Amino acid sequence: MEHFTSSLEENKAYSDVEPIESKVSPPNITWQHTWSFNETENALTQSVFARIPSEIMLRIFKLFSVPDLCNVSLVCRRFKMIVDQDEIWKLKCNSSKKIYSKSFKQIYLDWIYMKCLRNAKLRAMSDWSDSACDIDLPPSYPIRPTDNQQFEAIGGFHQHPNSSSSMTIKLSVDIEKTARELIKLLEKALKFQRQWQQPSIVKHMITRYYRFMQLKASYPSNILLVPTLDIEIVWQTHLLRPAMYQADCLRLFRRVIDHSLLITDIEKFLKDQAFRDTCQLYEQQFGQQYCPLPSTYTKNNATSNFHHYPLYIDTNTNSTYSYWDKTHFEFSSEQPNDYENPFSFTEGNLITDGKWLDLCKQFMSKALKTAPLDDYHRTWSSGIDLEPGAINRLKKSYERFLYIAAKYPLKDGHEFIRPTYAIDIMWHSHMQEPLNYVADCVRIVGYVIYHSPWPINKDDTKNKTCIQANKLWKDEFKVDLMIDHLFNTIDDKLDEVF
């Protein structure tokens, strides 16, 4: 097949979409023949493929990537007809349902076109500042007012969020510990943000993530596989779109791949060997290096059966590395071969998500300057306050966000309250465990709250809706949404000042 090449136009499925000022044209796929018609006909006649039944060829072609299918369809009319079969493209589509009279191949091309449009809009969005802002650490916080109105149970809420200084609901995810791990992860990733925004490297990252997820899907969920830092960052982009994540996992892997930033004590103890196993599995299956082993570790040549891990203690370090430490992969500047993004998120989503932490810092700093804080002192900090008192207030704001979602469900025509970056910290933390997140939403809110970062369209109608939603929040909780996370809640006495 090396005698045939496929050439996709500028807007092809696996190309970079540059910032645009006009509408992006639909993907225009073309192929260039390098053999003459006679050479093609003679080659096929002499080939063993000519004697293979079409049913068998169909099964083989199902395993091919989109670029490979493009090449195969050039060989002969018979191959082209097999490649165009719905059975092949149904596996590639993000929908298993027919749309009118369209073939699944056309549905796939339409889906790729929409991804191109979304990717281009994300690239064309205003550029945000990359610099971290100063954080003002307040010494004390005000107390929110409350009233004595009678409370009626709603969803999983049996008391009003303002009635207690601690969360009145129980989540299946330890969002306090997860939030600290999440911010630590994103801080580490910031060091590579400039490098990871290069188009060729973004493609490499998505390719590595897809391969890692294939490994995860091939083994039981209790088998510990360790993602590298770059894979974990792509995973974050996927996780923060729960509806997309669930649909992609079911379509590509036949089950939802679970995730957690927190690991058990046993997993910590076995992490060294699990990392080696991941490297070995990846290299065996894909023929490429997964990640260089940390130089402080001695090569362990023993073969693991991947069902239990031999106990391994590294005497050169005091403790095992963190979930993503010492797993940085050096990328090549060359484009990956036969690149294909089978997921519903785009390269632009991955690049834009990298700005979230800096924007979060800016928001938190601005909120501190606008809130009526006592004994206000300005201090310089480039981080986010995750001390116990601050975490407690963040958790309470997130609880109020869930309460509003339960009290004013979208199905009743209510407008969705867009959370602040402060609430986002806990919302992102909750979504780190996708199966638990869905279960918690159904149990507490009554439906799954699907998260969709970076709304592209901003108009007067949405701004007006946002103002109305903020008013609803203030009427319910007696504090403005933008600074809600800075207010303590009264129980029978004032909250402690942490």
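## Terms and model

Buried means under 20% relative accessible area, exposed means over 50%, and partly exposed lies in between (1.4 Å probe, protein chains only). This is a predicted model, in which local features need pLDDT of at least 70 and side-chain atom pairs count only at pLDDT 80 or more, while totals for chains, interfaces and linings use all residues. Residues are numbered from 1 along each chain as its sequence is written, and side-chain values use heavy atoms, with hydrogens and water left out.

## The chain overall

The chain has 18 helices and 2 strands. Helices (H or I, at least four residues) and strands (E, at least two) are DSSP runs, numbered from the N terminus. Of the 498 residues in the chain, 48% are buried.

Contact means heavy atoms within 4.5 Å. Take the contacts between residues at least 6 apart in sequence: 78% of them join residues at least 24 apart.

## Helix H2

H2 covers residues 54–61, and its buried residues are Met57, Leu58 and Phe61. They are on the same side of H2, because they cover an arc of only 105° around the axis. The arc is that of the directions from the helix axis to the C-beta atoms.

Glu55 and Arg59 are exposed on the other side of H2. The buried residues of H2 pack against helices H3 (66–72), H4 (77–83) and H5 (86–90).

## Helix H7

H7 runs over residues 175–190. The expected span of a helix is 1.5 Å times one less than its number of residues.

Buried in H7 are Ile175, Thr178, Ala179, Leu182, Ile183, Leu185, Leu186 and Ala189. Seen down the axis, these residues fall within an arc of 160°, so they line one face of H7. Their cover includes H8 (193–196), H10, H14 (356–370), H15 and H16.

## Helix H17

H17 has 12 residues, 434–445. From first C-alpha to last, H17 reaches 16 Å, close to the 16 Å expected at 1.5 Å a residue. Pro434, Tyr437, Asp440, Cys441, Ile444 and Val445 are buried in H17. They cover an arc of only 120° around the axis, which puts them on the same side of H17.

The buried residues of H17 pack against H10 (229–239), H11 (242–253), H15 (388–407) and H16 (421–430). After H17 comes Gly446, with a positive phi near 105°.

## The second largest pocket

Rolling a probe the size of a water molecule over the atoms shows where empty space is left. The search uses a 1 Å grid over the protein atoms alone: a cavity is a set of points where a 1.4 Å probe fits but cannot get out, and a pocket is an open set with protein on both sides within 12 Å along at least five of seven lines. Lining residues have an atom within 4 Å of a point. Grid points are joined across faces, edges and corners, and a volume is the space filled by probe spheres set on the points.

The second largest pocket has a volume of about 1,100 Å³. Its lining has 34 residues, of which Ser65, Thr207, Tyr210, Arg211 and Gln214 lie nearest the centre. H9 (199–218), H11 and H12 (265–286) each supply at least two lining residues. H9 gives the most, with 6 residues.

By class, the lining has 14 nonpolar, 9 polar and 11 charged residues. Ala, Val, Leu, Ile, Met, Phe, Trp, Tyr, Cys and Pro count as nonpolar, Asp, Glu, Lys and Arg as charged, and the others, Gly among them, as polar.

## Positive phi

Most residues other than glycine have a negative phi. Arg254 is not a glycine, yet its phi is positive, about 65°. Arg254 lies in the loop between H11 and H12. At 56% relative accessibility, Arg254 counts as exposed.

Lys478 is not a glycine either, and has a positive phi of about 70°. Lys478 lies in the segment after H18 (460–477). Lys478 is partly exposed, with a relative accessible area of 33%.

Thr420 sits in the loop between H15 and H16. At 4% relative accessibility, Thr420 is buried. Leaving aside residues up to four places away in sequence, Thr420 touches Phe363, Leu481 and Met482. Thr420 and Asp484 are 64 residues apart in sequence, and their C-alpha atoms are 9.1 Å apart.

Gln362 lies in H14. Gln362 is partly exposed, at 23% relative accessibility. Gln362 and Ile384 are 22 residues apart along the chain, with 9.8 Å between their C-alpha atoms.
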